[in-house]
Structures are given as structure tokens and as C-alpha cells.
Amino acid sequence: MAIILWNDAQINAVIENYQIYVNPWLASLMKFGGFGDVEMEAEGCIVRTASGEEYLDCLGGYGVFSLGHRHPKVIEAVKNQLNRMPLSSRTFFSQPQAELAARLAELAPGDLQYSFFCNSGTEAIEGAIKIARIATGKTNFICMVGGFHGKSMGGLSATGRDQYKTAFEPLVPGFTHISFNDVKEAAAAMDDRTAGIIVEPIQGEGGIRVPSPDYLPALREICDNCGALLIVDEVQTGLGRTGKLFAVEHRSVKPDMMTLAKALGGGVMPIGAVMGTPAIWERAFSENPLIHTSTFGGNPLACSAGLAALNVTIEEKLPVRAAEMGDRLMKGLRQVQTTHPDALVEVRGMGLMVGAEFAVKDVAELCINGMARRGVIAAYTLNNPKVIRFEPPLIITADQVDRVVSAFSESVAEAKEMLGL
Ligand SMILES: Cc1ncc(COP(=O)(O)O)c(C=O)c1O
């Protein structure tokens with residue numbers, strides 16, 4: 001389908017509505033980032049705008065578009081459901097929800113069997129916090145500095161960056177933040193009030209930080225020793241992005257609870273989920289099955305998208321693809337680092353969850369703008385603006401990876417020149 005191009009006045013009208021009716025400061029930020037255009041349609045790894053520009057989506061909606069935009073099998077599943085029953089009556093049993101829960105139980109690590117469905121990552125974390133509290137009878141959580149778990153009050157309490165939290169204090173009590181990847185601190189922070197440890201297997205918004213291989217197994221052991229739950233937030237790492245279906249599989253760790261969102265909707269529908277073991281669900285829901293609910297959570301459209309997304313991820317062997325393309329991307333970015341070792345401190349990641357850390361954040365900012373002008377969408381990580389993250393669809397081709405590396409290389413050189421570095 002060809003886009004009918006818009007003129008500047010039409011584009012500016014959309015931006016103006018943002019300025020007047022949505023958030024003028026956000027509108028300025030978006031324009032400064034090089035995104036002063038209107039998105040019109042998308043397919044695979046490509047996003048097209050109203051002015052006729054074509055972008056390679058290397059941000060992937062912060063991890064949403066693992067299957068690319070508008071994967072035909074997800075679209076078909078959602079259209080079929082749309083024609084039958086988009087939302088649930090919330091009285092009868094719903095087949096898409098039942099099937100998605102069963103498929104997740106089949107694929108998830110360890111004893112994770114039950115799923116509570118919601119609509120976003122932060123809601124999944126809210127669910128995890130509440131269910132962990134009721135299941136353990138304890139109130140406190142250990143979380144990580146630099147960790148990101150969303151911006152609802154519970155999610156924010158678990159999040160480890162003051163910039164987003166201070167204005168909303170007092171937050172939920174009982175959250176302690178410790179250094180990520182520090183086993184000793186984790187052991188020292190545990191006490192008999194600790195309901196659980198909430199941790200990302202790889203910190204996404206914290207700057208794509210991969211912990212040492214023994215970290216998650218050590219947290220597992222600490223939780224076992226103290227009778228606390230290991231709650232793993234796979235909202236960003238989940239469903240193939242890191243080279244395994246779930247990132248904890250790299251370390252053979254079996255969590256007590258796991259949160260999912262983003263890619264679970266196949267890039268078509270919003271959905272979140274919190275999974276738990278039978279013992280946890282029994283303690284949380286047996287007395288009152290309605291103790292935690294959501295009107296739209298588990299709706300048929302979202303669940304049919306989720307089911308199709310899981311099937312496509314497995315049929316198309318996307319975790320393997322993520323590992324291969326991720327290696328190629330990291331190799332390319334590291335080549336750029338050898339040319340600019342002063343500006344580019346480190347390239348790191350796993351699969352197609354890759355970060356490039358700069359010495360100063362101004363270079364990262366200008367580089368994002370430079371990449372946008374070269375037709376590549378990228379962004380910095382929310383809790384660490386010195387890091388540009390690369391999270392393209394897992395279906396990205398080798399040629400497209402090479403294009404990203406070229407755009408990055410040119411943009412780093414240009415940013416350094418502009419800053420006189
Ligand atoms: C690890 C993690 N948890 C939770 C969230 C919150 O998800 P949402 O923005 O859907 O609420 C995010 C979002 O980036 C995330 O990366």
C-alpha cells in the first residue's frame with residue numbers, strides 16, 4: 001500500500017496537537033531527537049512516515065517488535081478473533097486466554113504454571129508484588145539500582161533510578177535497592193521480612209547490563225536459603241530477544257515468578273502477564289479467586305496475538321536468529337569502537353539486546369539524531385542516557401544489520417566533530 005504523502009502543514013498539525021493537547025515538552029524532545037515526522041505505516045523492520053521517509057526500526061518499540069511490525073500470522077489471528085469476539089464478556093470461559101496460559105506453562109522454565117494476564121509490563125510487576133506479598137505473608141522486596149520495572153506506583157517502587165521516583169514519594173514502603181550483579185549485597189540485604197528479589201536477567205533500561213554468569217544462580221540460592229521468592233522480570237528480555245526464549249534459560253535458573261509483556265503481544269496487541277508456581281497461586285488465590293483482577297487483562301484479542309506470537313517465535317526459530325544477528329551487530333559495533341575508543345567506552349549485550357556506551361551523554365544524544373537522519377531509529381536507555389540501545393526485530397537481515405552499523409559509524413564520527421572531540 002503506497003502512502004499518500006503529506007505536506008508540511010499536515011505534519012505540523014499533528015505535532016501542534018501534541019504541543020497543545022498531549023505534552024509540549026515531550027513534543028520538543030521528540031523533535032530534538034530527529035523524530036519530527038508522523039509515523040504512517042510499518043512492515044517487518046521498516047517504519048514509513050508521512051513525509052515519505054523510510055526508517056529501519058532498530059529500537060523495536062523498546063522490545064515490542066520482536067516479530068517485526070505487522071507479522072502476517074499475528075495479524076491473521078487477531079483479525080479472526082476480531083470478527084468473532086474482541087473483548088470478553090468476563091463471565092464465560094475464554095478459549096484464547098486458556099490456550100495462551102497453557103502454551104506459556106509448556107514453554108516457561110521450571111514450575112511456572114499459572115498466568116495472570118494484564119495489559120502492560122508495569123501491571124505485570126504490580127501483580128507480581130501483590131501476589132508475592134499474599135503468598136509469602138511478607139512485605140519487603142530487594143531490587144536493583146538501575147533496574148526498571150515501569151512507572152505505576154508499585155513498578156516505580158521497584159525501579160532503581162531516583163530521577164523518576166523522587167517526585168512521587170512516598171512510594172510503596174519496603175523496597176531496598178542494592179547494586180546489580182553483587183551477590184554479597186543481595187545476601188546481606190535479605191531478612192525475615194523479605195518477600196522476594198525482583199531482578200531483570202539483563203538490565204535493559206539500566207544500560208543493557210549483562211550480569212556475570214553465576215549471578216542469577218546465586219540469587220536463586222539466596223532466595224531458597226531465606227524462603228524468599230525469585231521474581232524475574234522478563235518484560236524486555238523475554239521471548240527470544242537474548243538468544244533463548246527466556247533469558248533465565250542461559251543460566252538454567254528456575255524463577256518462582258516471571259513477568260512478561262512487550263513482545264508477548266506479537267507487535268500487534270498490548271498484553272502483560274505474571275506467571276507463578278502452583279504453590280504461590282494456591283496461597284494467593286484459593287481463598288479469594290478475585291483478589292487480583294483486571295477488566296481488560298486476558299482479553300481475547302490480546303491473547304490470540306500472544307498465542308500467535310509464541311508460535312511464530314518458535315516456528316521461525318527466532319531465538320537462534322537473535323543470537324546470530326546479535327553477534328554480527330556486536331562485531332560491527334565493536335569495529336566502530338576500535339576507531340573511536342575515546343568516545344565509545346563499551347559495546348555489550350546478548351542476542352539482539354545490545355548497548356553501546358559512550359563516555360559522555362552528549363555524543364549519545366547527537367548520535368541518535370544522526371542515525372535518525374540516516375534512516376535508523378535508535379534510542380538511549382531510560383536509566384542510563386550514555387547508552388544507545390539496539391533492539392531491532394529478531395527478523396532483521398544481515399544486510400540491515402550492516403546498514404545499522406554504517407549509520408552508527410558515520411553518526412559517531414559526526415557527533416564527535418560537532419562537539420569538537
Ligand atoms: C524490564 C521491564 N519491566 C517493566 C517495564 C514496564 O513496562 P510497561 O512500559 O509496559 O509498563 C519495562 C519497560 O520498559 C521493562 O523494560
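Student: Which helix gives the most to the shell around the ligand?

Tutor: This is a predicted model, where local features need pLDDT of at least 70, side-chain atom pairs count only at pLDDT 80 or more, and totals for chains, interfaces and linings use all residues. Residues are numbered from 1 along each chain as its sequence is written. Helices (H or I, at least four residues) and strands (E, at least two) are DSSP runs, numbered from the N terminus. With 3 residues, the top contributor to the shell is helix 6 (residues 121–136).

Student: Which residues come nearest to the ligand?

Tutor: A residue counts as near if its C-beta atom, placed from the backbone, lies within 6 Å of the molecule. There are 15 residues around the ligand, and the nearest are S120, G121, T122, G150 and V235.

Student: What separates the centres of domain 1 and domain 2?

Tutor: Domain bounds come from an automatic or database domain assignment. It gives domain 1 as 8–63 + 318–418 and domain 2 as 72–315. Taken over C-alpha atoms, their centres are separated by 27 Å.

Student: How many residues of domain 2 are in contact with domain 1?

Tutor: Two residues are in contact if their C-beta atoms, placed from the backbone, lie within 7 Å. Domain 1 brings 24 residues to these contacts, and domain 2 brings 21.

Student: Which helix gives the most to the side of domain 1 that touches domain 2?

Tutor: Several elements each supply at least two residues there, including helix 3 (60–63) and strand 11 (344–350). The most, 5 residues, comes from helix 12.
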